[in-house]
Structure formats: C-alpha cells, structure tokens
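Welcome! Have a look at the picture and the sequence, then try each task before reading on.

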Amino acid sequence: MATNNAEGRREDAFIKQRAQNREEYERQKQTLINETEKSRPSANKFVGQNDSMEETLKNQTIGLVRLEDFQQRRKELEEAKAREAARTNELKDETKRVKKRKKAKATLSFAMDDEGDVEGDTSSRQTPEVENGEQASKRAKFRKNPNVDTSFLPDREREEAERKERERLRQEWIRRQEELKQEEIEITYSYWDGSGHRKSVVCKKGDTISAFLEKCRQQFPELRGVSVDNLMYIKEDLIIPHHHTFYDFIINKARGKSGPLFNFDVHDDIRLLADATKEKDESHAGKVVERSWYQRFKHIFPASRWEIYDPEKDYGKYTIA
C-alpha cells in the first residue's frame with residue numbers, strides 16, 4: 001500500500017514538472033516570435049519598429065468577420081508605416097494663408113468745413129520728384145543671385161523629386177527581395193532518430209521552416225503520421241523555430257554554434273596549410289527530429305548541445321564539442 005502511494009506521488013510530481021516545462025517552452029517560444037518579428041529584415045527594412053502598429057491594427061479591425069479583410073487592413077497599415085519610415089509620403093498641399101487686409105479705422109472728419117484747407121494741403125505736399133515724374137527713376141526689383149548656394153533652403157520641387165526617388169528605390173529593393181525569395185535552393189538534411197538518414201529537398205528561399213518540414217515529412221513513411229508541430233529542425237546545434245524563413249538567415253548571414261546558418265549544403269574545410277587565424281568554413285547537414293525523441297534524449301550528446309535559436313545572441317567562434 002505504501003508503495004502505491006509513493007508511486008502515485010511520484011507520478012503527480014512528474015505530471016507537474018512536465019506541465020511546468022511545457023509552460024516554460026511556450027513562454028520562450030512566444031518571446032522568440034516577438035523578438036524575431038521586430039528584427040525581421042524582409043520588407044520591413046525601411047520600417048522603424050513601433051509597438052503602436054499592433055494597437056492600431058486592433059483598433060481598425062474591430063468588428064471584422066472575414067480573414068481577407070483583416071489581411072488587407074494589415075497590409076495597408078504596413079505599407080503606410082513603410083512609406084512613413086522611408087519618408088516617401090506624398091507632400092501635403094500647403095494651404096495658402098490669405099492675409100486679411102486691415103480695415104481702415106473710420107475717423108471723424110468735417111469734410112464740408114475743411115474741404116478747402118484739405119485741397120490746399122495736398123497741393124502743397126507734392127514733392128519735386130512727383131512733379132518731375134519723367135526724371136524720377138523707378139526702384140529696381142530685388143532678384144535672386146544665381147551665384148549663391150540655396151540648396152539648404154526649403155524647395156518644394158526638390159523635396160518632391162527626392163521623395164519620388166526614395167519611393168522608386170524602395171520599390172526596387174522590395175522587388176529584388178521578392179525575386180530573391182522566389183529563388184530555389186537545395187537543402188541537405190538528415191532525419192535523426194539516433195542515427196542519420198540523409199536526404200535533400202528543394203525549397204524556395206522565402207519558405208518557412210514549417211513548409212520545409214512538411215516536405216521532409218513526405219519523404220519518410222515513418223513521419224507521415226507525425227504533424228509538423230511535433231517535428232524540430234536543428235541546424236548547427238540550434239533549434240530553429242518554425243516561423244523563420246531561409247531568407248532571414250541568408251540576408252543576415254546568421255551564425256550558429258558549429259557553423260554558418262546561411263549555408264544549407266554539406267562541405268568540409270579543406271586547406272593545404274592550416275591557419276589558426278582564419279575561421280573554418282564548414283557546413284553540416286541540419287537534423288530533422290521528432291519532438292518526443294528530443295524530450296527523451298536531450299540529456300545525451302548531441303541533443304545536450306542543442307538550444308533554441310536567439311537572433312540577438314552572439315554565439316562566438318564555431319565549436320564542435
């Protein structure tokens with residue numbers, strides 16, 4: 001009887017520990033997703049990171065029913081933020097301020113009594129310059145000096161030309177990045193269940209890790225009954241979250257613990273002369289493992305070296321053990 005109670009307490013402790021580990025994993029996963037969204041370099045290269053965009057999106061999508069409407073609103077908001085950060089918004093037409101003419105104050109006058117005096121005064125006040133109008137020279141109008149540098153002064157036409165040029169460069173950069181994302185790349189990986197089963201799959205650079213794992217799942221019969229969420233991709237001893245894309249690692253030249261994360265082939269560093277001052281150029285095949293296998297053997301090498309990828313962390317020089 002005492003043995004059964006001890007087994008029950010031990011089982012309850014294991015269940016609590018498993019629940020705590022699960023909560024900690026979900027918390028770390030959400031933290032990595034938030035940090036990655038802020039540092040994602042794709043079309044947001046021109047966008048200053050501002051947390052108010054999510055709040056604005058929530059306020060503008062209240063009451064929406066269809067997913068298409070939500071995605072359209074989000075796309076419009078991101079485009080507006082990108083234009084604002086790149087300073088390519090259309091210049092607003094400045095409203096011309098019309099100066100109000102000062103109304104002449106009405107003054108008391110005795111026109112009938114002083115009519116003669118007024119005419120006499122006006123005739124006496126005429127200057128010789130007015131009388132000799134032909135000889136008086138008109139003042140020359142002030143004009144711009146073409147030799148003076150006025151580039152520092154505000155110029156609406158120049159600002160409009162600069163805005164159009166920035167917008168053209170931004171659109172060109174986005175187009176090039178989209179073309180780069182559509183390029184195909186062959187990824188060599190190894191299905192790891194204690195021993196390696198190496199294969200390769202062709203993906204686009206813009207594909208996410210989850211899309212890559214879906215293609216890997218179709219190549220092994222034993223994985224067809226496993227969902228993508230229960231698979232893990234380990235590259236250079238780092239567990240890569242599913243929302244990352246291959247484009248993210250290529251454009252950022254990301255580094256892992258034992259090799260570069262932007263090379264997806266397999267090659268060794270072959271040199272005729274060993275030089276300790278130069279870093280080794282080696283690329284290892286990424287591993288595709290089941291999450292259940294990792295939970296059972298994470299205390300044993302090589303799984304003991306694996307950790308979740310953090311884009312903000314510097315992993316230093318490449319190490320193998």
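A residue is called buried when its relative accessible area is under 20%. Keep that cut-off at hand, and bear in mind that this is a predicted model.

**Exercise 1. Work out the strand order of the open sheet, and find which strands stand at its edges.**

Solution. 
- Step 1: Read across the sheet. Its 6 strands run in the order E2-E1-E5-E3-E4-E6, and the pairing is mixed.
- Step 2: Find the edges. Strand E2 (196–204) and E6 each have a single partner strand, so one side of each has no neighbour in the sheet.
- Step 3: Follow E2 to its partner. Strand E1 (residues 184–192) pairs with E2 in the antiparallel sense over 9 bridges; one of the residue pairs is isoleucine 185 with cysteine 203.
- Step 4: Look at the turn. The E1 and E2 hairpin has 3 residues between the strands, and glycine 194 has a positive phi near 110°.

**Exercise 2. Describe the surroundings of strand E3: is it enclosed or open, and what are its partners?**

Solution. 
- Step 1: Count the buried residues. In E3, 5 of the 5 residues are buried, so the strand is largely enclosed by the rest of the structure.
- Step 2: Separate the faces. Leu231, Tyr233 and Lys235 are buried on one side, while Met232 and Ile234 are buried on the other.
- Step 3: Turn to E5. E3 (residues 231–235) and E5 (residues 286–290) pair in the antiparallel sense over 4 bridges. Isoleucine 234 has lysine 287 as its bridge partner, and methionine 232 has valine 289.
- Step 4: Turn to E4. E3 and E4 (residues 238–240) are antiparallel too, with 3 bridges, and tyrosine 233 stands opposite isoleucine 240.
- Step 5: Inspect the link. The E3 and E4 hairpin has 2 residues between its strands, and glutamate 236 in the turn has a positive phi of about 55°.

**Exercise 3. Find the largest cavity and sort the residues of its lining.**

Solution. 
- Step 1: Count. The structure holds 1 cavity of 30 Å³ or more, and the space in the largest cavity is about 30 Å³.
- Step 2: List the lining. It consists of Tyr233, Lys235, Ile240, Phe249, Leu261 and Phe264.
- Step 3: Sort it. The lining has 5 nonpolar residues, no polar ones and 1 charged.

**Exercise 4. Is arginine 305 buried or exposed, and which side chain does it contact?**

Solution. 
- Step 1: Locate arginine 305. It sits in the loop between helix H9 (291–297) and strand E6 (307–308).
- Step 2: Compare with the cut-off. Its relative accessible area is 15%, so arginine 305 is buried.
- Step 3: Find the contact. Its side chain makes a polar contact of 2.6 Å with the side chain of aspartate 237.

Notes. Residues numbered from 1 in each chain as written. Predicted model: local features only at pLDDT ≥ 70, side-chain atom pairs only at ≥ 80, totals over all residues. Heavy atoms only, no water. 1 Å grid on protein atoms, 1.4 Å probe; cavity = no way out; pocket = protein on both sides within 12 Å on 5 of 7 lines; lining within 4 Å. Points joined across faces, edges and corners; volume = space filled by probe spheres on them. Nonpolar A, V, L, I, M, F, W, Y, C, P; charged D, E, K, R; others polar. Buried < 20%, exposed > 50% of the residue type's maximum accessible area, 1.4 Å probe, protein only. Polar contact = N/O pair within 3.5 Å; in protein donor to acceptor, adjacent residues only side chain to side chain. Pairing = 2+ DSSP bridges.
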